[in-house]
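Q: Please take a close look at a single part of this structure. I would like one connected answer.

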Amino acid sequence: CSPGTYVRALARDLGESLGTGAHLTALRRTRSGAFDLSQAVPGDDLSEAGGKLLPLSALLPEMRAVRVGAEGRLRVRHGREIGRDLVLEGFPEAPGERVRVLDESGALVALAVVKGLGKATSGLPRVPALHPDVVLTD
C-alpha cells in the first residue's frame with residue numbers, strides 16, 4: 001500500500017461493508033522507505049545496539065545531498081540560508097527541490113529547500129540559496 005494508508009481503518013471499513021465489523025489483532029511494518037526488518041533493532045535492545053544503529057546521514061538516501069564546510073554548517077545550525085559560496089559540492093539547479101545538507105564529515109545536519117533559482121519576476125536579481133527548513137544538529 002502507499003504511504004498514508006491507514007491499515008487499521010481499512011480493516012474497520014471492510015468489516016463495516018461486510019456488515020460484520022472487523023479489527024486488527026496485529027500489524028507489523030516490514031519496510032519503511034529503503035529500510036527493512038533486516039536492519040531493525042528491537043526496542044529492548046537499544047541500549048546495547050551500539051554499532052547497529054544507523055547514522056542520520058543514512059536517512060533519505062533518495063534525496064540529493066549537498067556538502068557544506070564549517071561556515072555553512074554554522075549558518076544552517078542557526079537556520080540561516082546558505083548560498084553557493086558555502087556549498088562545497090552538489091548545489092542543485094532545480095528550484096523548490098528539497099535536499100539533505102551534510103557537513104564535511106558526512107553527518108546530516110539539515111534538510112533544506114532551494115530558493116532563488118529561475119527567472120526574476122520583480123527586476124531584482126535572484127540569489128540562489130538553500131533555506132534550511134529542518135535543522136538536525138545542536
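In E7, which residue is the bridge partner of Arg-100?

A: The bridge partner of Arg-100 in E7 is Leu-111. Some ground rules come first. This is a predicted model, where local features need pLDDT of at least 70, side-chain atom pairs count only at pLDDT 80 or more, and totals for chains, interfaces and linings use all residues. Residues are numbered from 1 along each chain as its sequence is written, and side-chain values use heavy atoms, without hydrogens and water.

Now the strand itself. Arg-100 sits in strand E6, residues 98–102. Strands (E, at least two residues) and helices (H or I, at least four) are DSSP runs, numbered from the N terminus. Of the 5 residues in E6, 4 are buried. Buried means under 20% relative accessible area, exposed over 50%, and partly exposed in between, with a 1.4 Å probe and protein chains only.

Next, the neighbours. Two strands pair if DSSP finds at least two bridges between them. Strands of a sheet pair through backbone hydrogen bonds, either parallel or antiparallel. E6 and E7 (residues 108–115) run antiparallel, joined by 5 bridges. They form a hairpin with 5 residues between them. In its turn, Gly-106 has a positive phi of about 95°.

Strand E3 (residues 65–68) runs parallel to E6, with 3 bridges. Here Ala-65 stands opposite Arg-100, and Val-66 opposite Val-101.

Finally, the whole sheet. It is open and mixed, with 6 strands in the order E4-E8-E7-E6-E3-E5. Its edge strands, E4 (82–83) and E5 (87–89), each pair on one side only.
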